[in-house]
Amino acid sequence: MLPSRFASRVEGGGTAVMGRSHALSGAVVWLGGCALAAGLGARPAVGTVVVGAAVTAGGALLPDVDHPGSVIARSLGPVTRLIAQGTAAGAAALRGASCRCCAGRGGHRAVTHTLLFAVAAGLLVSLLCWVGGDVAAAVVAGLATALATRGALRKRTRGAYGAAAAGLFVGVMAAALPGPVAGWWWVGLPLGLGCLVHSLGDALTFTRVPLLWPIRIRGCRWAPLGMWAPLRFRTGSAAELLLVVPALIVLGGISAWTLIAP
Ligand SMILES: [Zn+2]
Ligand SMILES: [Zn+2]
């Protein structure tokens, strides 16, 4: 168990992009996509926009389940902490087993930060919602929203109540709305997209991610891929706080306005 001061530093900055940037970027990508679709003449349903944005935002926090100090690992106390520890151990074992030069490199930013994971997670959730219908979709939407809200808020205790309320709201909304496009199977799409947005976000920072595992690049299946070095930013840095977060808020605002304005 990490001392809480260290854990919050890991979560708030250090080696990982802040939870807030991840959740925000997920929501903004979905809203932007809906705004683009609306611009091209499609009419996205309210449920598609709101549930999709919430699930993308929540999905954008999922890959850090491989780190015991992350937002998702701390979201439900010992339960999620155990899940995170198990994921970290499993991811470390998989990394060591699938590449000879990668033994002992740990489980963080490994399998959950790959394109394959994003696709698999999306397919799994789509299957779940296709079989489980309204109930499954409401549970996925509610959990994702609660997670995204916790990631977006800074104060932990206040975040818990706000997150529960927001999760309940979107969950009930998902259950009450008629499935926008022939049922809820599409909910896996925002979830997988959220995972991918997370990994791409991490790729902009100094540590980068093994996005294309298991494809071998320069002899390594877990070769870190990312932004051209001079343009990478340090997480929790001034660049993230003063440039990335405000840019995301402006983009999200413009997209939302495009969708609401007549
Ligand atoms: Zn990450
Ligand atoms: Zn390797």
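Me: Before we start, what does buried mean here?
Reply: A residue is called buried when its relative accessible area is under 20%, and exposed when that area is over 50%. The structure is a predicted model.

Me: Then aspartate 202, buried or exposed?
Reply: Aspartate 202 has a relative accessibility of 0%, so it counts as buried.

Me: Which residue does the side chain of aspartate 202 meet in a salt bridge?
Reply: The partner is arginine 109, with an N to O distance of 3.3 Å. Arginine 109 is buried as well, at a relative accessible area of 4%.

Me: Changing topic: which residues coordinate the zinc ion (ligand 2)?
Reply: Four cysteines provide SG atoms at 2.2 to 2.3 Å: Cys99, Cys101, Cys102 and Cys220.

Me: How are these donors spaced along the chain?
Reply: The spacing reads C-x1-C-C-x117-C.

Me: What is the geometry of that site?
Reply: The site is tetrahedral, with angles of 95 to 122° among the four donor atoms.

Me: Cysteine 99, buried or exposed?
Reply: Cysteine 99 is buried, because its relative accessible area is 3%.

Me: And cysteine 101, buried or exposed?
Reply: Cysteine 101 has a relative accessibility of 51% and therefore counts as exposed, the cut-off being over 50%.

Conventions:
Residues are numbered from 1 along each chain as its sequence is written. Chains are lettered from A and ligands numbered from 1 in the order in which they are written. This is a predicted model: local features need pLDDT of at least 70, side-chain atom pairs count only at pLDDT 80 or more; totals for chains, interfaces and linings use all residues. Side-chain values use heavy atoms; hydrogens and water are left out. A salt bridge is a side-chain nitrogen of Lys or Arg within 4 Å of a carboxyl oxygen of Asp or Glu. Buried means under 20% relative accessible area, exposed over 50%, partly exposed in between (1.4 Å probe, protein chains only). Donors are N, O and S atoms within 2.8 Å of the metal (3.2 Å for Na, K and Ca); water is not among the atoms, so sites may look incomplete. Four donors count as tetrahedral if all angles lie between 85 and 135 degrees; four count as square planar and six as octahedral if opposite donors are over 155 degrees apart and all others between 65 and 115; anything else is irregular.
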